[in-house]
Amino acid sequence: MEVDYIIVGSGSAGSVLANRLTESGQHRVVVLEAGGSDLRPYVHLPLGYGKLFYNPNVNWMYRTEPDPGLAGNADHWPRGKVLGGSSSINAMVYIRGNRADYDEWGAAASGWGWDDVLPAYRAMEDNEAGSDAYRGRGGPLFISENRRGLHWLVDDYIAACGEAGLAANRDFNGAEQEGAGTYQMTIKGGRRNSAARAFLRPAMKRKNLQVMTDAQVTRVLFEGKQSVGVEYRRDGQLLQLKAREVILAGGAINSPQLLQLSGIGPGALLQDMGLPVLVDNANVGAHLNDHQGINYTWRMKVATYNGILRPWWGKAFVGLQYLLTRGGPLAKSINHAGGFFRTSPEEPRPNMQLYFQAFSTLIPRNGERPLLSPDPFQGLSIGLSNCRPTSRGTIRIKTPDPMQHPEIVANAYSTQHDVDEMLLAVKFLRKIAAQPSFSRWIAEELRPGPAVHTDEALIADFRRRSGTVYHPSCTCRMGPEGESVLDEKLRVRGVGGLRVCDASAFPNLISGNTNGPAMMMGWRGAEIILRG
Ligand SMILES: Cc1cc2nc3c(=O)[nH]c(=O)nc-3n(C[C@H](O)[C@H](O)[C@H](O)COP(=O)(O)OP(=O)(O)OC[C@H]3O[C@@H](n4cnc5c(N)ncnc54)[C@H](O)[C@@H]3O)c2cc1C
């Protein structure tokens, strides 16, 4: 069988691609997805997020190498392995990033500047807040404004940010990104609005789209330097599928892994693995960009969600509330609110992001990251993450076996820049908590606690407790020849008939969460692919 397009992966970008490439009815498209169906209750229940975080049935469960920048810790990196990919297991915050991020994209790859991507965002969105110069209405992706049913402490958090000098902002995706406010969400009718729900499932009704689950692509097939299809594993069998064009949308870890397995990558590495070198390109798997984040946690004098989400009777109550009204805490992301700020006035645009969570989870899992299970006291956390870190990591295969995970070297806080700005950021976070609107509700700071106050101790603390905020990108980046893997049309340099379209293709990491940008990449990528 030969089809027009094979899409490898049904994640944020892959789902959008599948929808748009089949829209005209003229092209036969097959999506091969390594994971299974997304028809699982915890995928659809927004706060089911906590149940997916360590669930190997929907999650690749990656683990990084021990990282000197994280006090030697190896980090848990969840990635979606299910229809919808990471959009089916993520925290549903909808952010596009700062317009200046895309001007940098445009400088690296023409056609990807702010003026190019804004129309794609507006066309794909159905924003509850309505249409304006920035937001779209009527597209396939419903975005909730998230104004109702929030924990009441959100208002006092936003007031405290104002008292600390960070003004309120009603729309981080509008004219200005800076400020404090509530987050827009990819949630519709109290259910997760993943890329599968918004884009893939509607397209699955079309005759020209076939979606195969539990089908893991193991390599791209070539005749000379022309890609002609893929080899994949399903039900224990190795099978082949031919196509006019192959589009990798496996995400920032799997796409570079698959290119390397197919002979496209750092020549010496491929030779070490005994793989034939089709294209020697050191950029494949390099430039790994990711946001690092840390939570500060307080014990509060007033009720947070811990009190209701932990006891059995509270779980029963919110469960019933959800079933009857599609509302309550289960119908929300863990991040009700947040913000963007600059650690110094010299910064041209916000370089830090905030996450307000009206509950806390301090109980560690195997001494590492906390289980997403509420603490037995009234706790509250505010998280921080950097927007444009300068540290870079790598993704490299460890074996020629496609079923083995690649090596992930995060290299977190490996530049002085990243350490300096996080130090300023955690100090600002404490400044917010010290403002009257918020401090009146605090009983005590639990993590890191008041004993941690010197620069040295604060740095040691964030090295010990930081981790990924789940936004790895740029590992097959678009950009100029010699510095990139892809040209501006997402074509893999050095071969024909092969593109990459997912977060790995970002020229650089955007300031904010990456689901929206990955879906936009699928939207705009499809336009480019259809133009030929
Ligand atoms: C826990 C978590 C929380 C997050 N929170 C947010 C948030 O609140 N807001 C936000 O904007 N972003 C968030 N993100 C990030 C965001 O979801 C991702 O950046 C985005 O989904 C990446 O899209 P993608 O298309 O690049 O890859 P993915 O969505 O990860 O899709 C890749 C797909 O390809 C499949 N695949 C991989 N390899 C193969 C193969 N060899 N053969 C077949 N199929 C394959 C995978 O199974 C997967 O389905 C979060 C991510 C995680 C993991």
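User: How many residues of strand β17 are buried?
Analyst: Five of the five, residues 337-341, so β17 is largely enclosed by the rest of the structure. Buried means 20 or more other C-beta atoms, placed from the backbone, lie within 10 Å of the residue's own. Strands are DSSP runs of E, at least two residues, numbered from the N terminus. This is a predicted model: local features need pLDDT of at least 70, side-chain atom pairs count only at pLDDT 80 or more, and totals for chains, interfaces and linings use all residues. Numbering runs from 1 along each chain as its sequence is written.

User: Which way do the β17 residues point?
Analyst: Ala-337, Gly-339 and Phe-341 point one way, Gly-338 and Phe-340 the other. In a regular strand the side chains alternate between the two faces of the sheet.

User: Which strands run antiparallel to β17?
Analyst: β7 (residues 179-182) does, joined by four bridges. β18 (residues 352-357) pairs with β17 in the antiparallel sense over five bridges. Strands pair if DSSP finds at least two bridges between them. Thr-182 has Ala-337 as its bridge partner, and Phe-340 has Gln-353.

User: Switching topic. Which residues are buried in helix α4?
Analyst: Asp-101, Tyr-102 and Trp-105. Seen down the helix axis, they fall within an arc of 90°, so they line one face of α4. The arc is taken from the directions from the axis to the C-beta atoms.

User: What do they pack against?
Analyst: The buried residues of α4 pack against α5 (114-124). Contact means C-beta atoms, placed from the backbone, within 7 Å.

Methods
Buried ≥ 20, exposed ≤ 12 C-beta atoms within 10 Å, placed from the backbone. Contact = placed C-beta atoms within 7 Å.
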